[in-house]
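Work through the exercises below with the coordinates open. Each task is followed by a stepwise solution.

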Amino acid sequence: MVADRERITRLLKTARGQIDGILRMVEEDRYCIDVSTQLMATQSLLARINADVLKAHVEGCVRTAMETGDEQEKDAKLSEIETVIEKLVK
């Protein structure tokens, strides 16, 4: 399964719009809590996008590697996932 490129693109453009809005808020010296609220909303959106991309990777690339039987490819894909998980929990 490949990540839905149109959906991912649309969501990333939404996040970019949110970041542009946050920049304007900072430039306008808006209330800190309002800026923080918008930052958290953007972080949440980016986390959802990342989850979609990683799910597609597992369902596509990792599943394919597991089905091929190539031990080196399996190990590489599992190592990639482990690295991503380590980064996510930091």
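**Exercise 1. Find where confidence is lowest and where it is highest in the chain.**

Step 1. Confidence here is pLDDT, the predictor's own score for each residue, from 0 to 100. Step 2. Helix α3 (residues 71-88) has the lowest confidence, with a mean of 92. Helix α1 has the highest, at 97. Step 3. Over the chain the mean pLDDT is 93, and 97% of residues reach 70 or more. Helices are DSSP runs of H or I with at least four residues, numbered from the N terminus.

This is a predicted model, so local features need pLDDT of at least 70 and side-chain atom pairs count only at pLDDT 80 or more, while totals for chains, interfaces and linings use all residues. Residues are numbered from 1 along each chain as its sequence is written, and side-chain values use heavy atoms, with hydrogens and water left out.

**Exercise 2. Describe how α1 packs on α2.**

Step 1. Take the axes, which are lines fitted to C-alpha atoms, for helices over the stretch in contact; angles run from 0 to 180 degrees between N-to-C directions. The axes of α1 (residues 5-27) and α2 come within 10 Å and cross at roughly 165°. Step 2. That angle makes α1 roughly antiparallel to α2 (the class for angles over 145 degrees). Step 3. The crossing of α1 past α2 is left-handed (the near helix is turned anticlockwise from the far one by less than a right angle). Step 4. Sort the contact residues by class: 15 are nonpolar, four polar and three charged. Here Ala, Val, Leu, Ile, Met, Phe, Trp, Tyr, Cys and Pro count as nonpolar, Asp, Glu, Lys and Arg as charged, and the others, Gly among them, as polar.

**Exercise 3. Is Thr-42 buried or exposed, and which residues does Thr-42 contact?**

Step 1. Thr-42 lies in α2, which spans residues 32-68. Step 2. Thr-42 counts as buried because its relative accessibility is 4% (buried is under 20% relative accessible area, exposed over 50%, partly exposed in between, with a 1.4 Å probe and protein chains only). Step 3. Set aside neighbours within four places in sequence: Thr-42 is then in contact with Ala-15, Gln-18, Ile-19 and Ile-22 (contact means heavy atoms within 4.5 Å). Step 4.

**Exercise 4. Characterise the loop residue Asp-29.**

Step 1. Asp-29 sits in the loop between α1 and α2. Step 2. Its phi is near 55°, a positive value in a residue other than glycine. Step 3. Asp-29 counts as exposed because its relative accessibility is 69%.

**Exercise 5. Which way do α2 and α3 run relative to each other, and which residues make the contact?**

Step 1. The axes of α2 and α3 are 9 Å apart, and the helices pack at about 160°. Step 2. The two helices are therefore roughly antiparallel. Step 3. α2 passes α3 in a left-handed crossing. Step 4. From α2, the contact residues include His-57, Cys-61, Val-62, Ala-65 and Met-66; from α3, they include Lys-74, Lys-77 and Leu-78. Step 5. By class, the contact has ten nonpolar, two polar and four charged residues.

Terms used:
Parallel < 35°, antiparallel > 145°, perpendicular 65-115°, else oblique.
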